[in-house]
Amino acid sequence: MPVLEAEARPGRNTHAKLDNLIATARKHPPVKVAVAHPCDQVSLESAVAAAKLGLIQPILVGPEQRIREVAAKYDLDISGFEIVDAEYSEDSAAKAVALVREGRAEALMKGSLHTDELMGAVVKRDTGLRTARRISHCFIMDVPDHDQPLIITDAAVNIAPDLKGKVDITQNAIDLAHALGQKDVRVAILSAMESVNPDVPSTLEAAALCKMADRGQITGAQLDGPLALDNAISPEAAAIKKITSPVAGRASILVVPDLEAGNMLAKSLSFLADADAAGIVLGAKVPIILTSRADEEMARLASCAVAQLLVAARRADASSAIQ
């Protein structure tokens with residue numbers, strides 16, 4: 001039975017892929033998550049709902065009195081949760097990050113503070129959670145009538161990444177796909193065309209990324225590019241263009257040229273193709289769950305499930321942790 005079967009509505013995506021993702025995550029022990037500044041209904045409700053499903057074990061970090069007032073107002077049971085008192089939103093972010101550094105939390109979750117407040121604490125050189133990798137964001141899209149989830153990167157963090165940044169963005173997405181249980185990971189490096197054109201920089205970067213994969217500088221997946229969106233995900237379009245590759249028409253990861261393209265692609269799928277999306281930030285020492293007040297409950301729960309599966313993969317193989 002789907003986790004949130006009652007939410008299915010006629011004419012709406014029934015969340016089958018995200019449901020399966022949540023069901024898979026629930027087979028693992030819950031993840032200790034530092035929830036930074038859960039001081040409104042949506043953020044606190046998300047933590048409570050994810051805890052009820054056994055996805056996370058929240059540590060609430062923020063002004064304790066305010067958190068308790070929100071819980072009482074909206075009848076949310078937080079009696080079993082640890083609360084770390086903080087004075088204000090930036091203090092909440094700093095203390096949530098500190099919990100990770102101390103080994104008390106395995107993931108971070110954004111509450112009602114601004115994203116830049118949380119990420120500012122994450123990227124601080126001496127007290128943050130930086131690694132050798134570039135931090136990047138992935139959407140995991142549940143698109144109706146598409147046979148598998150689509151990972152889109154980066155549509156939220158890196159505005160105009162250069163080639164070096166795209167190497168990390170691509171590798172982060174590949175690692176995520178493996179954590180989600182994908183065995184045959186296929187990466188399409190998107191552009192507006194499928195031919196290398198010196199006048200279109202994204203096609204040159206796509207060709208370079210594919211050659212870097214050939215030389216072992218990007219691992220764990222098959223890459224192809226440049227590919228236009230149609231021949232990346234449609235076997236028919238790929239056949240018409242006479243593109244023969246293991247990736248064309250069957251891509252499971254879409255690497256976009258820049259944030260604008262990625263953001264428009266993800267939102268087009270959500271609003272025009274009725275897709276649902278979970279989101280996660282990668283490349284830090286732990287996964288970071290960035291939820292929005294506009295997200296549906298399924299998207300927020302699925303984002304927690306993605307973090308849970310990433311942590312489970314690290315528990316199973318400590319060498320997979322990003323250094």
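**Figure 1. V61 and V84 in the pairing of β2 with β3.** V61 stands opposite V84 in β3. The model shown here and in the other views is predicted. Strands β2 and β3 (residues 82-85) run parallel and are joined by 4 bridges. Together with α3, strands β2 and β3 make a right-handed β-α-β unit.

Figure 2. Helix α2 covers residues 41-52. Its end C-alpha atoms are 16 Å apart, which agrees with the 16 Å that 12 residues should span at 1.5 Å a residue. The buried residues of α2 are S43, L44, S46, A47, V48, A49 and A50. These buried residues pack against strands β1 (31-36), β2 (56-62) and β4 (107-110), and against helices α3 (64-73) and α11. After α2 comes G54, with a positive phi near 80°.

**Figure 3. Helix α6 within the structure.** Helix α6 (residues 163-179) has 17 residues. From its first C-alpha to its last, α6 reaches 24 Å, close to the 24 Å expected at 1.5 Å a residue. Of the 17 residues of α6, 13 are buried, so the helix is largely enclosed by the rest of the structure. G181 follows α6 and has a positive phi, near 95°.

**Figure 4. L176 in the largest nonpolar core.** The largest nonpolar core has 62 residues, and L176 and I280 are those with the most contacts inside it. Helix α11 (residues 297-316) gives the largest share of this core, 10 residues. In soluble globular proteins, nonpolar side chains tend to be buried together. With neighbours within four places in sequence left aside, L176 is in contact with C138, I140, I151, I280, L282, V306 and L310.

**Figure 5. T153 and its surroundings.** T153 lies in strand β6. T153 has a relative accessible area of 0% and is therefore buried. Its contacts, leaving aside neighbours within four places in sequence, are S136, H137, C138, I169, A173, L254, V255 and V256.

**Figure 6. Strands β7 and β8 with helix α7.** Strand β7 (residues 186-190) pairs with β8 in the parallel sense over 4 bridges. In this pairing, L190 stands opposite L227 in β8. Strand β7, helix α7 (residues 201-214) and strand β8 make a right-handed β-α-β unit. Strand β8 (residues 222-227) is largely enclosed by the rest of the structure, because 5 of its 6 residues are buried.

**Figure 7. The salt bridge between R134 and D162.** The count of salt bridges comes to 11. In one of them, the side chains of R134 and D162 meet at 4.0 Å, N to O. R134 lies in the loop between α5 (115-123) and β5 (136-142), and D162 in the loop between β6 (150-153) and α6, so the pair ties together parts that are 28 residues apart in sequence. R134 is partly exposed, with a relative accessible area of 32%. D162 is also partly exposed, at 41%.

**Figure 8. The salt bridge between R186 and D184.** The side chains of R186 and D184 meet in a salt bridge of 2.9 Å, N to O. R186 has a relative accessible area of 7% and is buried, whereas D184 is partly exposed at 37% relative accessibility.

Figure 9. K211 forms a salt bridge with D214, and their closest N and O atoms are 3.6 Å apart. Both residues lie in helix α7, 3 residues apart, which is about one turn of the helix. K211 is partly exposed, with a relative accessible area of 41%. D214 counts as exposed, at 59% relative accessibility.

Methods: Residues numbered from 1 in each chain as written. Predicted model: local features only at pLDDT ≥ 70, side-chain atom pairs only at ≥ 80, totals over all residues. Heavy atoms only, no water. Helix = DSSP H or I, 4+ residues; strand = E, 2+ residues; numbered from the N terminus. Expected span 1.5 Å × (residues − 1). Buried < 20%, exposed > 50% of the residue type's maximum accessible area, 1.4 Å probe, protein only. Core = buried A, V, L, I, M, F, W, Y, C linked by side-chain atoms within 4.5 Å. Contact = heavy atoms within 4.5 Å. Pairing = 2+ DSSP bridges. Right-handed = clockwise from strand over helix to strand, strands pointing away.
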